[in-house]
Amino acid sequence: MAVQPEDETLRRATGSGQPAAVVLVVDYGAQYAQLIARRVREAQVYSEIVPAGTPVADIVARRPAAVILSGGPASVYAEGAPRVDDELFTSGIPVLGLCYGFQAMARSLGGEVAPDGTREYGRTELTVAGSTPDRAGVLHDGLPTRHPVWMSHGDSVVRAPDGFVVTARSARAEVAAFEDVERRLAGVQYHPEVAHSPHGQEVLRRFLYQIAGIAPGWTTASIINDTVEAIRTQIDRDGTAGHAVCGLSGGVDSAVAAALVQRAIGDRLTCVFVDHGLLRTGERRQVERDFVAATGARLHTVDARDRFLAALAGVTDPEAKRKIIGREFIRVFEAAVEDVAGSDGRPRVGSVDTAEHGAVEVGFLVQGTLYPDVVESGGASGGSHTATIKSHHNVGGLPDDLEFALVEPLRALFKDEVRRVGTELGLPETIVARQPFPGPGLGIRIIGEVTHDRLETLRAADAIAREELTSAGLDKAIWQCPVVLLADVRSVGVQGDGRSYGHPVVLRPVSSEDAMTADWTRLPYDVLERISTRITNEVPEVNRVVLDVTSKPPGTIEWE
């Protein structure tokens with residue numbers, strides 16, 4: 001399989017070419033492939049994900065500074081299991097194998113992997129082979145002789161390839177790490193990318209800096225400079241000064257995307273804020289005040305509440321809701337551009353009238369799509385081993401007849417990178433530190449049909465939860481706290497000495513670094529009590545508040 005156009009898009013997001021050093025993560029269907037890429041970036045080295053089966057010739061053509069082979073669910077002996085082309089290891093590119101990638105590397109180079117059933121899952125003690133560098137190797141030299149790592153394997157490497165030094169073992173894996181420093185090849189059986197391997201980030205840094213010889217250079221400043229240049233290249237193609245519109249949602253992603261595009265093309269950007277009626281309390285006012293004050297951008301606000309409600313009437317399927325919201329967004333954008341068209345009044349989709357430029361054609365739509373959005377929509381690596389979890393408003397929810405070319409300057413970035421970029425661009429804390437809010441808004445936090453009354457009920461409950469979390473000083477302690485209305489569920493309760501038959505709402509407080517994985521946040525009981533008491537007292541339609549204590553995986557952060 002050749003490198004997909006998706007990869008070209010991600011590469012454009014980092015500059016007119018590619019960074020001086022790029023590490024390619026080959027995805028063998030691992031649940032942690034995106035986390036590997038993120039950890040590499042934390043070491044200030046740019047990384048991208050490519051699918052298993054990408055020809056070595058395509059990888060070599062990218063001139064990567066290193067390649068990391070991810071874990072995966074398959075056995076190296078299973079029929080149809082992804083394999084590593086032997087030519088990768090003779091190409092001169094430094095390679096690190098993790099878990100499945102470690103076993104695939106061993107087998108490809110003449111080592112032995114046994115499906116012997118000596119499984120290790122979860123926290124495991126790793127024993128470094130020796131205290132001298134020739135035995136401990138580069139990756140583990142100087143680390144504690146015994147320390148915990150996170151294992152997840154059934155097959156085991158029982159003999160390292162010729163030329164490799166075994167540098168670590170565990171109770172059930174005699175070969176838990178090996179290195180051939182001269183050929184710049186190494187591997188570990190465990191997952192250094194997860195937080196449960198406390199020395200894992202140091203191990204990755206040692207591979208990148210000492211074995212691969214990469215100098216760190218992926219910084220916030222470089223992201224901004226490269227991205228701004230890439231935006232100019234895309235919009236001002238063929239020497240024509242292009243114009244763009246940006247759909248502001250009120251969240252950090254679209255705000256940062258707009259700020260980057262404005263830095264690139266100035267007042268040739270018009271921001272459109274759509275009040276689709278699926279917003280939380282006060283969000284329209286915040287966008288109109290804070291974003292314009294921070295950037296000076298031209299903002300056009302559209303009241304489309306009735307339109308979205310009419311389109312969503314009778315719809316309960318979550319994917320259908322996402323598709324409808326995505327479609328209506330684009331139609332509203334097209335109508336908004338017509339609203340600010342030239343003075344002749346002709347409906348010209350793609351035209352905008354400005355004092356400086358007159359009537360001009362707008363060919364680009366700016367969106368705040370992030371890397372996790374692309375991943376969950378099955379588009380990050382394009383490989384057959386990557387599952388589509390759900391479509392995202394900015395990825396899979398757009399209509400096929402889209403009349404704009406998309407500009408997605410954040411498509412290669414994780415949320416923490418976006419926040420750092422926003423701070424560097426001078427956006428206020430009220431925008432940069434804002435908890436994530438999905439593009440489809442409250443439309444996907446109502447389980448069931450979206451109606452005006454249900455939106456008002458959810459807005460009231462959500463506002464109470466946010467007030468109490470802010471009052472308790474917990475805003476920075478959680479990633480986000482969706483409040484979900486189970487509109488198709490009713491439960492019996494007692495309110496005002498009488499029987500009630502109201503709806504439950506679900507509190508979903510989660511902690512995360514990048515939304516790829518998450519854990520439920522252990523909020524103080526007194527805070528939960530205040531939230532529950534206020535909601536059931538102040539929102540008549542709700543008589544029960546419940547707490548979602550599911551991690552991701554298996555659950556997603558949003559319910560739909």
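Modeller: Ground rule for residue classes: Ala, Val, Leu, Ile, Met, Phe, Trp, Tyr, Cys and Pro count as nonpolar, Asp, Glu, Lys and Arg as charged, and the others, Gly among them, as polar. This is a predicted model, where local features need pLDDT of at least 70, side-chain atom pairs need 80 or more, and totals for chains, interfaces and linings use all residues. Numbering starts from 1 along each chain as its sequence is written, and side-chain values use heavy atoms, leaving out hydrogens and water.

Biologist: How many charged residues are in the lining of the second largest pocket?

Modeller: A pocket here is an open set of points on a 1 Å grid over the protein atoms alone, where a 1.4 Å probe fits, with protein on both sides within 12 Å along at least five of seven lines; lining residues have an atom within 4 Å of a point. The lining of the second largest pocket has 7 nonpolar and 6 polar residues, and the charged ones number 5.

Biologist: And which helix gives the largest share of the lining of the largest pocket?

Modeller: That pocket has 27 lining residues, with Arg 434 and Asp 475 among those nearest its centre. Helices are DSSP runs (H or I, at least four residues), numbered from the N terminus. The largest share, 6 residues, comes from helix 15.

Biologist: Are helix 8 and helix 13 parallel or oblique to each other?

Modeller: They pack at about 50°, with axes 10 Å apart. Angles under 35 degrees count as roughly parallel, over 145 as roughly antiparallel, 65 to 115 as roughly perpendicular and the rest as oblique. So helix 8 and helix 13 are oblique.

Methods
Helices (H or I, at least four residues) and strands (E, at least two) are DSSP runs, numbered from the N terminus. Axes are lines fitted to C-alpha atoms, for helices over the stretch in contact, and angles run from 0 to 180 degrees between N-to-C directions.
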